[in-house]
Amino acid sequence: MDARDIVSGLVSELRRGTLILLVLSRLRRERYGYELVKELTDRGIPMDANTLYPLLRRLEGQGLLESTWRTDEPKPRKYYRLTDLGGEVLAMATEYWRRFSRQVDQCLEG
Amino acid sequence: MENDLMERYIYAVTRRLGSKQRQDVARELRSLIEDMLSERCAGARPTERDLRVVLTELGPPGELARKYDPAGDRALIGPPYYGMYKRVLGVVLVCMAVGMTLAHGILALLKPGSWFLTLGRWLTGLAAGTVFAFAFVTALFAFFSWRGVAVEQYNFDDLPPVPKKRQTAPVWESMAGIAFCVVFLVVFLGCPQILGMADGTPLLSVEGIRASWPVPVLLAALGIGRETVKLLERRYSRRVFLAALIADGLSAALVIWWLTACQVFNPAFFEKIGALFPEDPGFSAFFEKFPTFFLAVFLFALALDVLDAFLRGMET
């Protein structure tokens, strides 16, 4: 196994860990699944739809998101948005992430 | 054509999901695939090739279904039970094979017959015993896994004390117990006339025993279950005591019912005994009480066994 393989495994672990944080942060405003895929991809964070869609349902099941079907548009789509609990979790997780990434940076520099 | 493939894909993903989410997931997937198609074709009419590219991007339906329902893929017997399951299954299979071979050896000596019949009976017994052992151990561990029965201690304070010498339950003890159950069952059902008078009149009624065959099967199963618990614990503990209490209690109830409700003993045996000693009525009276005597001895043995498990298990 060369260095590139090991790094790609490491990077996918890191991405997996931040996925929920990213999804929650984007759903402060109501969005549908594919919109979220495109938006994250545009921001340089490509994400597979087959990972995101099951994740959205799981977060909804945990009470962090709520969803509604919108049928007034040309295509019916399911929109997700943060619940109060989701907002609370997002705030705490963001706080943790800021502290943690700062500490990691300090370790990496020194 | 295109729609047909799309619907087939969606069906393959959702068919294993719970009925509650099935329709909603299907609807959402349909809208996702349409979005991906229109993104890809930018207004042009999507071809079947486009659909195939999109579905390939979504991945194999089974994989997607597992992402939607990770619990649906849970093993019947998962960790930490699986390793233990394999060990116990191995031990039980060995005991069964040894017991079955011993039992058929005894049967062959008791009822000499053609060697190929003996061989056939032995192989049939081995096959049936293997199926039974697999089913029994698997059902037991599936239950443990389903209920999450604690087999490991996570809290340091709850770790049991190192067992004293008389509290350890060596593997061979359980193995011998299981093998004995198998021998008892096969010999008892195969040759109930094993005990009897010199002229061949059996003590037990062959028809009566054969007609009530589920009773010895249950007795053997209770014994094997109890030994399996001991095999898991490797020591006399509160659980081993409880298993002994339940197994022996049920055995006692079964045997009492068996001796009273079924024709287990052979009446001809007692008549002949009486006829042998016409001048001594006390002798035949003793033999007539033999079933009660037998029951008393059996119950006493069970009580001793429970007491032993209690004393060893509760000692700290």
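**What joins chain A to chain B, and how chain A is built**

Q: What makes a residue pair between chain A and chain B count as a polar contact, and how many are there?
A: There are nine residue pairs in polar contact between chain A and chain B, with both residues at pLDDT 80 or more. The term asks for a pair of N or O atoms within 3.5 Å; within protein, one must be able to donate a hydrogen and the other to accept it, and residues adjacent in sequence count only if both atoms are side-chain atoms. A note on the model: it is predicted, local features need pLDDT of at least 70, side-chain atom pairs count only at pLDDT 80 or more, and totals for chains, interfaces and linings use all residues. Residues are numbered from 1 along each chain as its sequence is written, chains are lettered from A and ligands numbered from 1 in the order in which they are written, and side-chain values use heavy atoms, leaving out hydrogens and water.

Q: Why is the link between Arg77(A) and Asp35(B) called a salt bridge?
A: The side chains of Arg77(A) and Asp35(B) meet at 2.6 Å, N to O. The rule wants a side-chain nitrogen of Lys or Arg within 4 Å of a carboxyl oxygen of Asp or Glu, so this pair qualifies. Between chain A and chain B the count is six salt bridges, while over all chains it comes to 27.

Q: What makes Glu13(A) and Arg16(A) another such pair, and where do they lie?
A: Their side chains meet in a salt bridge at 3.0 Å, N to O. Both residues lie in helix 1 (residues 3-26) of chain A, three residues apart, about one turn of the helix. Helices here are DSSP runs (H or I, at least four residues), strands are E runs of at least two, and both are numbered from the N terminus.

Q: How many residues are in contact across chain A and chain B, and how much area is buried?
A: Taking contact as heavy atoms within 4.5 Å, 16 residues of chain A touch 18 residues of chain B. The buried area is about 1700 Å², with carbon and sulfur atoms giving 53%. On the chain A side, Asn50(A), Arg57(A) and Trp69(A) lose the most area to chain B, together 38% of what that side buries. Buried area means the accessible area (1.4 Å probe) that two parts lose on being put together, summed over both.

Q: What makes strand 2 and strand 3 of chain A a pair?
A: Strand 2 and strand 3 of chain A are joined by six bridges in the antiparallel sense. Pairing needs at least two bridges found by DSSP, so these strands pass. Thr68(A) has Tyr79(A) as its bridge partner, and Ser67(A) has Tyr80(A).
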